[in-house]
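Please look over the sequence and the 3D structure shown here. A short briefing goes with them.

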Amino acid sequence: MLSGILALLAGVSQFVGPIRRRFPRVHRTLGVVYVVSATALGVSGLVLAPTAYTGLVAVLGFTF
C-alpha cells in the first residue's frame with residue numbers, strides 16, 4: 001500500500017512545471033522514486049494474484 005501511495009504522489013508531482021524548471025534534481029529524484037515504487041507495486045500485485053480467492057476477476061485485477 002505504501003508503494004502505491006508513493007507512486008501516486010511522485011507521479012503527480014512530475015507534472016508540476018515550477019518544480020520541473022526550478023529544481024531539476026528534485027524532479028529527477030521524484031522520477032526515480034516513482035519508478036521504484038511503481039515496480040514494487042507491480043511485483044506485489046503479481047505476488048498477490050495467485051492467492052486471490054474471490055475469482056478470476058480478482059486474479060486478473062492483481063495481475064494487470
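Predicted model: local features only at pLDDT ≥ 70, side-chain atom pairs only at ≥ 80, totals over all residues.

The protein chain has four helices and zero strands.

**The whole chain**

- Read from the N terminus, the elements of the protein chain run α-α-α-α.
- The C-alpha atoms of the chain fill a box of roughly 50 × 15 × 15 Å, taken along the principal axes.
- The radius of gyration of the protein chain is 15 Å, whereas a compact globule of 64 residues would have one near 11 Å.
- Of the 64 residues in the chain, 20% count as buried.
- Take the contacts between residues at least 6 apart in sequence: 30% of these join residues at least 24 apart.

**Helix α1 on its own**

- Which residues of α1 are buried? They are S3, G4, A7, A10, G11 and S13.
- Helix α3 is included in what covers these buried residues of α1.

**How α1 packs on α3**

- Two packed helices are described by the angle between their axes and by the distance between those axes.
- The crossing in which α1 passes α3 is left-handed.
- On the α1 side, the residues that meet α3 are S3, G4, L6, A7, A10, G11 and S13.
- On the α3 side, the partners are L30, V33, Y34, S37, A38, A40 and L41.
- How do the residues of this contact divide, and what are the counts? Nine are nonpolar, five are polar and none is charged.

- S13 is placed in helix α1.
- S13 counts as buried because its relative accessibility is 13%, and buried means under 20%.
- S13 and G31 are 18 residues apart along the chain, and their C-alpha atoms are separated by 9.0 Å.
- L8 is found in helix α1 as well.
- Is L8 buried or exposed? L8 is exposed, because its relative accessible area is 61% and the cut-off for exposed is over 50%.
- Along the chain, L8 and L60 are 52 residues apart, and 21 Å separates their C-alpha atoms.

**A residue of α3: S37**

- S37 is found in helix α3.
- With a relative accessible area of 5%, S37 is buried.
- Which residues does S37 touch, not counting those up to four places away in sequence? S37 touches S3, L6 and A7.
- S3, L6 and A7 are among the α1 residues that meet α3.
- S37 and T63 are 26 residues apart along the chain, with their C-alpha atoms separated by 17 Å.

**A loop residue: A49**

- A49 lies in the loop between α3 and α4, and α4 covers 56–63.
- Why does A49 count as buried? A49 counts as buried because its relative accessibility is 4%, and the cut-off is under 20%.
- Leaving aside neighbours within four places in sequence, A49 is in contact with V59, F62 and T63.
- A49 and V59 are 10 residues apart in sequence, and 4.9 Å apart in space from C-alpha to C-alpha.

How values were computed
Residues numbered from 1 in each chain as written. Heavy atoms only, no water. Left-handed = near helix turned anticlockwise from the far one by under 90°. Helix = DSSP H or I, 4+ residues; strand = E, 2+ residues; numbered from the N terminus. Contact = heavy atoms within 4.5 Å. Nonpolar A, V, L, I, M, F, W, Y, C, P; charged D, E, K, R; others polar. Buried < 20%, exposed > 50% of the residue type's maximum accessible area, 1.4 Å probe, protein only. Rg over C-alpha atoms; globule rule 2.2 N^0.38 Å.
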